[in-house]
Amino acid sequence: MELPSGNTFIVTSVELINGCIVHKGHLSSSNDKINLGDSVILKVDPKARTRNIIHHSATHILNAAVKSLFNKVTYQISTPMKTSVVNASDVLQSNDVTLVPGEIYPETGLRLLSMESEKLRLISRELCCGTHVRNSEEILDFCIINHKQTNRARYLFTAVAGEIAVEARKRSKTFRQRINRLEKQLKEESDTHYVIDEELQKVRNQILHTDIVLPYLEKLEILDKVNGILKKIKEASRTTLKEFVEHEMRSILQEKTQEDHPFIVHYLRSSALMEEVPLQKATKVCPDRPILVISMTDGYVKARCTVPKDQVNSNFTAQKWMQEFASTFKGQVTIPKG
């Protein structure tokens, strides 16, 4: 609303209260005010109105689709919107008009909006007093961006239409291209998997933890592909790191001969890169002398030791050795099965 002062009152909502149309909002300037009897000019924001028209018409399309093809959650159609004025008796004689449960309708002057698409076998006939597009092609595009089941028989859909939907699909395409490039890079440059893992984690977090708008099914497909690539990277990394462990241990054994080092206590440097450290693999490469291998992952210290049978005596066993080590960290000792 334009005020006599030239400033504006920004309308945020409109309600019908006791037969009066009430505009709610706020003044554009905190120093301005509205006086009783002021004449104001009501101006419609064409962009906001167009968005509302498009989304309102798209809701009718969604209702028709859910009614006839519930498993179809994204689509785009073009068909004329027809309006007519009917009476309550006309509605009662028809079995294909959608009514709002619990709504009380007047006897006469009901506005019926009709839309039909033979190609998609969609029929929408609803009582509605809202503004609509003249043809559904004006909607441009329409897609579900989220849905959830609120109870056993009720589903809540969130959707966008118009330019917002077009941009959502473009954004989805950009994500797909980015992921495809990373997947190709992983195949061609296997030594860059740490960098690719980081990039994919960024993509995943952006989709899951921001308000980014994407078509729902496409978002699920993108996340599924990202998770699949991350799983492959993890499996490849696990294999590579196990090889690192074996290589590190063999290097230690070559440096520390049995004559000069009758036993070995070694911190596994490669453990800092792992989620789970294969300590058993580390001790297996040293069957000829006592060995204690230590690892630290995510702040947790773990260790494993073995003692050849011919070197075990009443004062020296693997369990006693481990207990001495564990007491330093106030840790626990368990005997491996088998």
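Biologist: Why is D288 called partly exposed?

Modeller: In this predicted model, D288 has a relative accessibility of 35%, and because buried means under 20% and exposed means over 50%, a residue at 35% falls in between and counts as partly exposed.

Biologist: What makes the contact of D288 and R289 a salt bridge?

Modeller: The side chains of D288 and R289 meet at 3.9 Å from N to O, and because the cut-off for such a pair is 4 Å, a value of 3.9 Å is within it and the pair qualifies as a salt bridge.

Biologist: How do you know that R289 is buried?

Modeller: The relative accessible area of R289 is 3%, which is under the 20% that marks buried residues, so R289 is classed as buried, whereas its salt-bridge partner, D288, is partly exposed.

Biologist: Why does the pair of K225 and E183 count as a salt bridge, and how far apart are the closest N and O atoms?

Modeller: The closest N and O atoms of K225 and E183 are 3.3 Å apart, so the pair lies within the 4 Å limit and is a salt bridge.

Biologist: What makes this pair tie together separate parts of the chain?

Modeller: K225 belongs to helix α5 and E183 to helix α3, and because these parts are 42 residues apart in sequence, the pair ties them together. K225 itself counts as partly exposed at 33% relative accessibility.

Biologist: Where do R250 and E246 lie, and how many residues apart are they?

Modeller: Both R250 and E246 sit in helix α5, four residues apart, or about one turn of the helix. Their side chains meet in a salt bridge at 3.3 Å from N to O.

Biologist: How many salt bridges does a search of the whole structure find?

Modeller: The search finds 13 salt bridges, and a network of them links D141, R169 and E218. As a general point, side chains of opposite charge can pair when their charged atoms come close.

Biologist: Which residues have the most contacts inside the largest nonpolar core?

Modeller: They are L200, I207 and V226, in a core of 15 residues. Helices α3 (163-188), α4 (193-209) and α5 (216-255) each supply at least two residues of this core, and α5 gives the most to it, with six residues.

Biologist: Which residues does L200 touch, not counting those up to four places away in sequence?

Modeller: With that exclusion, L200 touches L182, V226, I229, L230 and I233. A second, separate core of 13 residues includes A58, I61, V133 and F142. In soluble globular proteins, nonpolar side chains tend to be buried together.

Biologist: Which residues make the nonpolar surface patch?

Modeller: The patch, of about 390 Å², is made by V11, V14, L16 and I21, with β1 giving the most to it, three residues. V11 lies in strand β1, and its relative accessible area of 32% makes it partly exposed; because patch residues need over 30%, V11 passes that cut-off.

Biologist: What makes the phi of N18 a value to point out?

Modeller: The phi of N18 is near 50°, a positive value in a residue other than glycine. N18 is placed in the loop between β1 (9-17) and β2 (20-27), and because its relative accessible area of 77% is over 50%, N18 is exposed.

Biologist: Why is K330 called exposed?

Modeller: K330 has a relative accessibility of 81%, which is over 50%, so K330 counts as exposed. K330 lies in the segment after α7 (318-329), and K330 also has a positive phi, of about 55°, although it is not a glycine.

Key
Residues numbered from 1 in each chain as written. Predicted model: local features only at pLDDT ≥ 70, side-chain atom pairs only at ≥ 80, totals over all residues. Heavy atoms only, no water. Core = buried A, V, L, I, M, F, W, Y, C linked by side-chain atoms within 4.5 Å. Buried < 20%, exposed > 50% of the residue type's maximum accessible area, 1.4 Å probe, protein only. Contact = heavy atoms within 4.5 Å. Patch = residues over 30% accessible without salt bridge, like charges linked within 9 Å, V, L, I, M, F, W, Y side chains within 5 Å. Areas by Shrake-Rupley, 256 points an atom, 1.4 Å probe, with all protein chains shown as cover.
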